[in-house]
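Dear colleague,

Please find below the structure that I am handing over to you.

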Amino acid sequence: MSHSRKVGYLLLTLVIIFYTPYVALLLREGGELPPDFFYFPAKVATVKPDKNYLVIVITSLLFIAYLLLVFFPRIYGIRPATTPPPRPPKTRLPWWFWLGLILWGAIIVIFAAKLSGPKWLLNWALLPLWWGFIFMLDGMVYARNGGKSLMKNGMAELFAMGMLSISGWLIFEYFNFFININWFYPHAEIVTRDEFLLYAIIGSSAFIPMAFEWYHLLLTFPRINAGYRQGRKVKWSLTARIIILIVAAGLLFSMVFAPDSLFYAFWLGPLTILIIVLGLLGKWTPFRAIREQGDRNPLIVFSTVWVIQGLCVECWNRLSYFQAIAVRFHGGSFNPGYWDYCIPFVNFFHIFNMPLLGYLGYVPFGIYCFIWVITMSFVMNIKLPFTMGDNE
């Protein structure tokens with residue numbers, strides 16, 4: 001199959017992913033969209049169902065199974081490589097690490113001190129906070145990887161990831177409307193709506209670069225780099241993959257009619273569809289490594305990156321919040337990008353603003369970041385030699 005034809009199939013897949021819930025919404029509403037249905041940003045929590053113990057038990061078991069996979073892979077028959085990769089030589093931290101520390105540290109101090117200014121900086125605080133942290137991560141990769149990192153050896157690649165990250169995240173903001181708003185921005189009125197939209201577009205450029213910086217950093221630890229290399233090869237028949245593809249699309253359609261019961265579909269549906277279509281087109285994904293070599297390292301390591309980063313961003317987000325401590329401070333945030341959650345069934349025992357069981361959602365999101373970059377880099381003919389190497 002020609003390259004252009006593969007690109008055409010991928011573009012068709014993206015159109016289907018994007019419009020499937022939209023068509024479902026039109027059917028649900030009799031052909032007419034509810035007023036202000038796509039108003040962004042959402043500023044108010046929606047009413048969600050209370051605890052559901054069946055959902056809590058199932059989600060807890062899945063979370064435990066995932067943690068066992070990460071920390072005790074031998075339970076699943078997964079073993080490290082017989083010959084661990086050589087430990088990369090270490091070098092000094094580069095200058096951009098210190099620049100990142102200044103950018104990130106300045107915002108952390110402002111958040112921790114609950115300062116109301118400088119307003120121009122607080123209104124755009126997530127950009128120096130997140131990108132400063134990306135510079136720090138890259139500097140650590142550079143120091144632990146013999147002077148090699150994305151900023152040193154793949155600046156164009158890092159820039160491309162930032163651009164791809166914007167569309168990769170904004171599609172989730174779009175899906176958030178269909179599941180009756182699971183996260184919202186209660187202090188978005190600090191800036192104008194147009195400024196917030198621009199803020200969201202530019203700020204979302206950090207999500208995927210963060211994921212890949214963590215991935216490269218974790219691989220500098222030989223035990224992690226070798227930890228999940230040997231396991232049973234798993235091959236899915238064409239029939240099985242087609243059935244899974246149909247089910248995933250069906251869930252993406254059905255979540256509009258049951259947004260609380262099927263809210264997880266927008267994390268799993270697009271991811272599953274893209275993985276299967278990429279596999280059918282012969283493109284490399286972490287699942288191909290499992291099928292051909294039994295190598296689960298790319299998949300498992302990448303699944304952890306946003307669990308780790310998720311704890312970080314949730315911590316920083318909560319740090320920007322202040323409790324009601326005086327008449328002048330009624331509780332809130334001077335950060336317009338501050339977010340909160342209203343998640344059905346599991347909205348209890350919070351770590352920062354996120355319910356504990358909600359962190360399980362970061363597992364598929366981490367994998368999604370990998371799959372989105374593979375998809376869009378192929379569609380746009382972007383080369384990723386530092387990250388993908390021989391897998392391109």
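The notes below describe selected residues.

This is a predicted model, in which local features need pLDDT of at least 70 and side-chain atom pairs count only at pLDDT 80 or more, while totals for chains, interfaces and linings use all residues. Residues are numbered from 1 along each chain as its sequence is written, and side-chain values use heavy atoms, with hydrogens and water left out.

Asn182 lies in the loop between α7 (155–178) and β1 (183–184); helices (H or I, at least four residues) and strands (E, at least two) are DSSP runs, numbered from the N terminus. Asn182 counts as buried because its relative accessibility is 3%; buried means under 20% relative accessible area, exposed over 50%, and partly exposed in between (1.4 Å probe, protein chains only). Leaving aside residues up to four places away in sequence, Asn182 touches several residues, including Lys48, Phe263 and Cys342; contact means heavy atoms within 4.5 Å. Cys342 is also buried, at 5% relative accessibility.

Ser320 sits in the loop between α14 (297–319) and β2 (321–322) and is buried, with a relative accessible area of 5%. Among the residues that Ser320 touches, not counting those up to four places away in sequence, are Phe111, Phe334 and Tyr338.

Leu62, by contrast, belongs to helix α2 (residues 53–71) and counts as exposed, because its relative accessibility is 51%.

Yours sincerely
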